[in-house]
Amino acid sequence: MKFHRIKIVVALAVALSVAATSSSYAALCVWRKPDQDIKEFFPGAETYKTEYKKPSGSQEKAIEKRIGTSLDPDESEFKFYRILNGGKQVGTILTHLGKGQFGAIEIVVALDNNAKIKGTAIQRDREKKRAELRSDKFLGQFRGKDKNDPIKTGQDINPVPGAEKSSETVAFSVRKLLVVYDILN
Amino acid sequence: MRAFRALIFLLGLSLLVLSSVPSLAEAAETDNSRGIETVVKYRLDSRYMSQNEGESGLELMALEAEITAAIGDKIDAAVQVPLGSGMTGRGRGMHFGNAYFVFKGKIGKPTVKVGQFVVPFGNLPYYETHTRILQTLYPYSLGIRIDPGIEIEGFLDKDTEFQLAVTQGNGPFRGDIDGNKVLMARVSRQLQIGDDDVRIGLSALKGRLPVFSVMADPLMEGRGAKLVQIGTGMLVEQDDPEGFADKTRYAVDFEWYKGIDLIRGELVFGNDQGRSANGQWLLFEHPLSYKTSVVAQLARWKQFSGDWKGWAVGLEHKLRDDRIARVAFEQRRANEMGMGMTMNMLTAQYIIEF
């Protein structure tokens, strides 16, 4: 009986390991502080609603072509948080889980209705220069940028000294979210 | 209570129906017209456990679906559906049973959660223990993790959060065993100190809850884990009301992102019908890279019937962002009613999310 159970568990794990390579899976990055972020980026806004966006095959290819790399296995779906005031949409917030040196960097990007960046925040990270990465000196550089800007360290973004890789992770996440928004919105 | 159970059942059924459309893209498109968006996430958690006390072998801990839904801009909902699990008894109820609505107010106003949810005590609101090998003190400190009830949560200011909850105290999908309710409150504050992020929480709880024997691991032993009577010290079954006690609990918990390291801790103290209970828990996690990290844990619990002390070390490796492998070794020494026991447990875990 026990051997039978072991076989079932092993079979399930192997089957799912194979099958899940192309299956759908929601992006992992949760939005941790909606109230505070909305107050900061969209003062006066009353509420928000969540829209799930799943790219089609062609949209996925278009995103990957523009960002120059594949989407992560857990990025088969994106959440657009529509910020509302008086029933009207005043902007959108997106989140992304960037790959830092020592763990995930959770990034929040606020866009106005013209897809220009109103603000960027880091929710959580495990990086070494945490305070500098979260400073307005670094994150403020993204404000006002849109899909037409390169958003790359060494070009239009100055990295935090000593945290160049982490800075580029943040820049890449912002760049990716702008492309995702442009294609899926 | 019947009406409450029916509500939970209807919530689960509704979300399952809403999420059963052919693809997520179609689901989003279809549901937009009704103002409802749903998403389903599946998880397989398989573990190999080797221990000197109890059974060893490969176990299906969970094959589960987590369904979340956003209903317009006013209501969010979530339900956890165990499609298969080797877990039984009250240990199962500590892992499975989330099913709730969240009614959102305007930005800045509190939200109301109704249904079965993880109770807001200690580090539970911020530390998702469900998929972890190493657990915190809640099986002994509270005797429950998920419970039916109502919770109000919100912010006192930008960095200070609060939760207030009333629950029934008997775990998910169980009737109220005694009619008493459990009251709990938690307040936490987020601080940035230099390069470090720190969250400190204070919690208080009062209510009638199950008391597990310290010689039992309720998560691993399923229905075999015994409750202990406060008056006689006798061991009883999990549904025996005599194994419940009027608990008072206070906790200080923290989450400290110290450079690249993460330290979590919890100090709990209080009493079971006037008899002292207290415990300490500390978890240290050090990342070696984005994919790999090591953990170490120290824990201790003391109650009227006895105590246990334990330590553990572990390793986690992300094979991909949706595949995690973990291995951990844990040792516990327990004493109760003049009996002693040392438990050694080696666990290997493989999680696939899809």
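Entry 1. I began with A:R134 and listed its contacts (heavy atoms within 4.5 Å), leaving out residues up to four places away in sequence. A:R134 touches A:I122, A:Q123, A:R124, A:D125 and A:L139, and also B:Q192 and B:D197 of chain B. I then noted that this is a predicted model, in which local features need pLDDT of at least 70, side-chain atom pairs count only at pLDDT 80 or more, and totals for chains, interfaces and linings use all residues. Residues are numbered from 1 along each chain as its sequence is written, chains are lettered from A and ligands numbered from 1 in the order in which they are written, and side-chain values use heavy atoms, with hydrogens and water left out.

Entry 2. Is A:R134 buried or exposed? It counts as buried because its relative accessibility is 18%; buried means under 20% relative accessible area, exposed over 50%, and partly exposed in between, with a 1.4 Å probe and protein chains only. I found A:R134 in the loop between α4 (130–133) and α5 (136–139) of chain A. Helices (H or I, at least four residues) and strands (E, at least two) are DSSP runs, numbered from the N terminus.

Entry 3. I looked at chain A as a whole. It has six helices and five strands, and from the N terminus on they run α-α-β-α-β-β-β-β-α-α-α. Of its 185 residues, 52% count as buried.

Entry 4. I turned to chain B, which has five helices and 18 strands. Buried residues make up 58% of its 354 residues. The C-alpha trace of chain B spans about 65 × 50 × 45 Å along its principal axes.

Entry 5. Which residues touch the most other members of the largest nonpolar core? A nonpolar core is a set of buried Ala, Val, Leu, Ile, Met, Phe, Trp, Tyr and Cys residues joined through side-chain atoms within 4.5 Å. The largest has 43 residues, and B:L137, B:L142, B:L205, B:W301 and B:W308 touch the most other members. Strand β14 (residues 275–287) of chain B gives the most to this core, with three residues. Apart from it lies another core, of 30 residues, among them A:L71, A:I105, A:L177 and A:I183. In soluble globular proteins, nonpolar side chains tend to be buried together.

Entry 6. I picked out B:L205 and left aside its neighbours within four places in sequence. B:L205 is in contact with B:F121, B:L142, B:V182, B:L183, B:M184, B:K247, B:T248 and B:R249.
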